[in-house]
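Dear colleague,

I am handing over the structure below, together with some notes on what turned up when I went through it. Please read them with the model open beside you.

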Amino acid sequence: MEAKGIKKNTAIWIIAVLVLFVLSIILGIIMRLNQGGAVHLDPGTFYADMTIHGITMIGIWFVAGMAGVNFIMERYVKTSYRANTFALVMTVIGVVMLWVSTLIGDFHAGWTFLYPLPFKIAWSAWATPMFLWALAVLGVGWLVWVLSLMTALLKKYSISQVFAWQHFRNKNPEVETPPFILISMISLLGVLACLIAAVVLLVLLFAEYYSHGAFVNDALLIKNLTYFFGHTIANEMLYLGLAIIYELFPEISGRPKWKTTWYVAIAWNLTLFFVLLAFFHHLYMDFVQPEGLQIVGQLASYLASLPSAGVTVFSVIVAVYRTKIKWSLSNLLFFIGIAGWVIGGVGAVIDATISNNFLLHNTLWVPAHFHSYNAMGNVLFSLGFFHWFSVEYSKRKGPERLSSLKLSFLLLGGIGFLAAFYVAGAESVPRRYSSYPVEFTSAKLLATLGAVFATVYLIAIFLFVSSIFKRCINMVLHRS
Amino acid sequence: MQYALLLLFLVLAAVIALVFIIVYLSSKKSDDELKGMANPLQKRFWFLLILFVCLGIFALITIPRSPYYLFAKEQPAKVVHVAAGQFFFTMSYKAINPDKPEGEMTIELPANQLVEFRVTSLDVNHGFAIYSPSKQIVAQTQAMPGYVNLLRWKFEEPGTYTVHCLEYCGMAHQVMQTTFTVK
């Protein structure tokens, strides 16, 4: 019953993610059209659109990774259906509150809600507490879910086993930790850390809000907490996707299961450490931040890429090179997603270099690189899982049609949309501008081109989503 | 400099894309079920060492160029106080009273001499990004309430420089700007 419940919940998670994904892409295209001058939103509406676009995208791809990891984890340990359902209910409530606070309440402090902007109210007065309470609702739901999955793992594996420490010293240990379990645990622990930071952040913000200014926060401390939470959750959601790839890529490809080696165990253990320190790169331009932390930020940003990207990318490449593989839409999406992720990673490493950040910080280079490893990386990891799941467990089987067309549209739209961002970033065009001052001569044209290519990307997503959507609806409505 | 970074990115992205395409095609051509590694998660020391050395060199070259160390041992020829607020910049040669922020009508700065900007905010976080006459960012820092960021720079090119806010600060963020002249 519980396993069936998890399966049905996974289908519901997928449906919810896909609906919100399409809506959020449309909001993104409207923003680029507005920047290009093709549509005219008032700035408040634009920034409310920007706020909900950002926070929805982060939220849905995080829960997509969690839902996928939860589903696959059932192969190894028994997970809690109740916790999964609780997280689902809390996510629905939280998302509705977020959309109401932004689209009706006009809250537009950005998805980073950088203190003290949420308290300089330029929108309905109720929208600020509703936005913050929405985050609290999401935080509680996700915290319970994360803790329940970690508990489920720790019931079967000891702490040293779940982190694969026995692989450090022994080539063939008695108990082998599957890579999926190792990476899931590392990611869940990272998520737990950033959710705890979010709790501290919300408590401090509520303290100021409800004390009516008797308690005042420190802007630098809150900025550190905000990015510890925001950067880390965005990173960990990628790792959740990677856990699924380590499990499913060989399986779908008709290859032997991948096994943890001492080398992989050390690499992923180090990742946990480095990822938690990389967020300092968001504060490079705050010169009052201690210099030591700025240097730690650059080194941690570099080193975080070594174990996760280095090991994963080289492993996937050698797994595929001159190897007969059963290619399907799912493992093709995984493969292209890895390429998108590593290319976005190059853009990120360039920006995480302090002397470059001095020129690129808060230009369109920033959305360029994070859209690279999300729209052409993490999203494809999850779409690959969604496709595999919907085909594997649905009664509506049949050959996948138009695969080449879908992938061509995805690549054309994705690359064009990202190129417009990168070029604008190199031209010093600021991010988060509802419209551009006249001196940014190329910005409007690039925004319009970005919107056109994003529409091609949206068409590809429509084509992907429609068949996955139908199969998942079928799974939810019929007992299978 | 920004275009050099774009070129570096494009070259690396093209190399990565090419590697993935070649690897994919090699798999499509392969017809032997037995080829390929049983467990690709084997140690790959050389790959990682090369990556580590490349990043190490990149860090060694770039960290000393971080803005915190620029002109650190020199005395500034000119000091400019900057107070940012929704949605304006006040700039003055004298310290600014936060309760009554008043600045100069025009700011003129000497070319090729060290200028220090002392940047703070009167309300929310703002950015203080200096654009050259050819509209490229030459230097920037953040304006944060309760803190003063010191930004040092030598302007080589005379002309009108524009300052744009680069940290989202509310509804009129996109029009928050000011100018100064370098002679």
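Which residue of β8(B) does Ala129(B) stand opposite? Before the reply, please keep in mind that this is a predicted model, and that every value in this message is computed from it.

The residue that stands opposite Ala129(B) is His164(B). The two strands concerned, β5(B) and β8 (residues 159-164) of chain B, pair in the antiparallel sense over 3 bridges. They belong to an open sheet of 5 strands whose order is β3-β9-β8-β5-β6 in chain B, with mixed pairing. At its edges are β3 (108-109) and β6 of chain B, each of which pairs on one side only. In the loop between β5 (126-131) and β6 (137-143) of chain B lies Lys135(B), which has a positive phi of about 65 degrees although it is not a glycine. With a relative accessibility of 24%, Lys135(B) counts as partly exposed.

Chain B also contributes an open sheet of 4 strands, in the order β2-β1-β4-β7, and here too the pairing is mixed. Its edge strands are β2 (88-92) and β7 (149-154) of chain B, each pairing on one side only, and the twist from one strand to the next averages 25 degrees. Strand β1 (residues 78-85) of chain B pairs with β2(B) in the antiparallel sense, over 5 bridges, and within this pairing the bridge partner of Val82(B) is Met91(B) of β2(B). The loop between β1 and β2 of chain B holds Phe87(B), and the peptide bond that leads from Gln86(B) to Phe87(B) is cis, with omega near 5 degrees.

As background for these backbone features, most residues other than glycine have a negative phi, and most peptide bonds are trans. If neighbours within four places in sequence are left aside, Phe117(B) is in contact with Val80(B), Val82(B), Leu109(B), Phe128(B), Ile130(B), Asn149(B), Leu150(B), Leu151(B), Phe155(B) and Phe180(B). Among these partners is Val82(B), the residue whose bridge partner in β2(B) is Met91(B).

In chain A, helix α3 (residues 81-104) has 24 residues and reaches 34 Å from its first C-alpha to its last, which is close to the 34 Å expected at 1.5 Å a residue. The N-terminal end of α3(A) is capped by Ser80(A), which has a side-chain oxygen 3.4 Å from the backbone nitrogen of Arg82(A). At the other end, α3(A) is followed by Asp106(A), whose phi is positive.

What is the value of phi at Asp106(A), a residue other than glycine? The value is near 65 degrees; Asp106(A) is found in the loop between α3 and α4 of chain A and is partly exposed, with a relative accessible area of 26%. Pro116(A) has its place in the loop between α3 and α4 (127-156) of chain A, and a cis peptide bond, with omega of about 5 degrees, joins Tyr115(A) to Pro116(A).

Gln289(A) lies in the loop between α9 (262-278) and α10 (291-320) of chain A, and Gln289(A) counts as buried because its relative accessible area is 3%, where the cut-off for buried is under 20%. Not counting residues up to four places away in sequence, Gln289(A) touches Leu220(A), Asn224(A), Phe280(A), Leu283(A) and Gln294(A).

Gly425(A), for its part, lies in helix α14 (residues 403-426) of chain A and is buried, with a relative accessible area of 0%. Leaving aside neighbours within four places in sequence, Gly425(A) is in contact with Leu360(A), Thr363(A), Leu364(A) and Trp365(A). The C-alpha atoms of Gly425(A) and His361(A) are separated by 9.2 Å, with the two residues 64 apart along the chain.

Terms used: Residues numbered from 1 in each chain as written. Chains lettered and ligands numbered in written order. Predicted model: local features only at pLDDT ≥ 70, side-chain atom pairs only at ≥ 80, totals over all residues. Heavy atoms only, no water. Contact = heavy atoms within 4.5 Å. Expected span 1.5 Å × (residues − 1). Polar contact = N/O pair within 3.5 Å; in protein donor to acceptor, adjacent residues only side chain to side chain. Pairing = 2+ DSSP bridges. Axes fitted to C-alpha atoms, helices over the stretch in contact; angles between N-to-C directions. Buried < 20%, exposed > 50% of the residue type's maximum accessible area, 1.4 Å probe, protein only.
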